[in-house]
Amino acid sequence: VAMAADSAVTIGGGPKILNTANKIFVLAYDCPIGILIYNNAALMAVPWEIIIKAYRDHIVENKVDFPKLEDYARGFLEYIETDGSKFVIEEQEKGFFQSMIYSELGEILRKTWTSIRDVFYKNAEISDDEIKGIVSKSIGEHHGMWLKWNDILSEEKTQGFRDQLSAKFDSVISEAVSQGFGTFGLSDGDLKKLREICLFKFSKRERKPDQAPSFSGIVFAGYGRDDMYPVCIGHEVFSYLCNTLVFSETVCQRVGFTDKEISATIMPFAQDDVVRNILDGRLPYYERRLRNVLAKNLKKEDVDRILNGVGKEVWEALTQPILNT
């Protein structure tokens, strides 16, 4: 197993960039397992380095010895969920929840005021009923967008988690909605949608193409005690709220000889365009552009057939030989 990362990290979401960050760590002293961090380097402002070192001490103190790498990954996440309150205190939870929902509601408000301004500039006037209609439409569209996205947690856990969030942060949600939309005189239906949007923010997988994802990528790679060949498991970790670690597994690859295992792989995380260019012989955006151009003149099935054929040739001529090596 070889793990690699750059050392650049952006501080505070602004222009300050450090080039000395460590993103790869040893998970356990006596076991060949590495853990790699990408995207967000902290869990609700707590650096992952602190959490990883605490878990490493936990392994030593409790003589933890798992047979499989999957067990180490699961044990690490369970450790955070069990002892998360010592890393994330109440004030952090409230501040994180508050900042996230103000950002989300602010996005709706910006779109709403843009629409109101456009109508006013066009007609030189705008009525209260028109304003209410625009606000209601903006809320409805935003709510509908969130409904299309998948829940992060399992179905049986999701509703319970939302109920906990709603109860714990009721006053925070009410204050945010009142500050942003109190002057519009919204209907009960629109107020309910805004409240649901606030809860969706922490329980659904957000996929906005114009915004960087806020999750932390956690990748485990190496060998458990009984693993003869290497294993790689990736997770996306979103938050720790109401004693619940919100995360999902994104990838699990095992080297071996069964149908569900592979002989070798190169797995890019975060910004993958350069690695994809090496493996596929072309940058990802090139195929997207090509697909769009072909779609203007051909049927979808014909476009799929052409690109799938090209992809098969590239796999056999380029990608497969790299992996064989």
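Start with the rings: this predicted model holds 17 aromatic pairs. For a first look, select Phe66 and Tyr72. Their ring centres are 5.1 Å apart and the planes meet at 90 degrees, so this pair is edge-to-face. Now colour the two by accessibility: Phe66 is partly exposed, with a relative accessible area of 25%, while Tyr72 comes in at 1% and counts as buried.

Next, pick Phe97 and Phe169. Here the rings are stacked, with 4.2 Å from centre to centre and 10 degrees between the planes. Trace the chain from one to the other and you'll cover 72 residues: Phe97 belongs to helix H3 (residues 90-123), and Phe169 is in the loop between helix H5 (155-168) and helix H6 (170-181). Both Phe97 and Phe169 are buried.

The charged end of Lys204 sits over the Phe200 ring, 5.3 Å from the ring's centre.

Last stop: the second largest pocket, with a volume of about 330 Å³. To find the spot, select Arg74, Leu77, Lys157, His235 and Phe247, which lie nearest its centre among the 16 lining residues. Which elements each supply at least two residues of this lining? Highlight helix H2 (69-83), strand E8 (231-241) and strand E9 (244-254). H2 gives the most, with 6 residues. Finally, colour the pocket lining by class, and you'll get 7 nonpolar, 3 polar and 6 charged residues.

Technical notes. Residues are numbered from 1 along each chain as its sequence is written. This is a predicted model: local features need pLDDT of at least 70, side-chain atom pairs count only at pLDDT 80 or more; totals for chains, interfaces and linings use all residues. Side-chain values use heavy atoms; hydrogens and water are left out. Rings of Phe, Tyr and Trp (its six-membered ring) pair if their centres lie within 6.5 Å; planes under 30 degrees apart count as stacked, over 60 as edge-to-face and the rest as tilted. Buried means under 20% relative accessible area, exposed over 50%, partly exposed in between (1.4 Å probe, protein chains only). Helices (H or I, at least four residues) and strands (E, at least two) are DSSP runs, numbered from the N terminus. A charge sits over a ring if NZ of Lys or CZ of Arg is within 6 Å of the ring centre and within 35 degrees of the ring normal. On a 1 Å grid over the protein atoms alone, a cavity is a set of points where a 1.4 Å probe fits but cannot get out, and a pocket is an open set with protein on both sides within 12 Å along at least five of seven lines; lining residues have an atom within 4 Å of a point. Grid points are joined across faces, edges and corners, and a volume is the space filled by probe spheres set on the points. Ala, Val, Leu, Ile, Met, Phe, Trp, Tyr, Cys and Pro count as nonpolar, Asp, Glu, Lys and Arg as charged, and the others, Gly among them, as polar.
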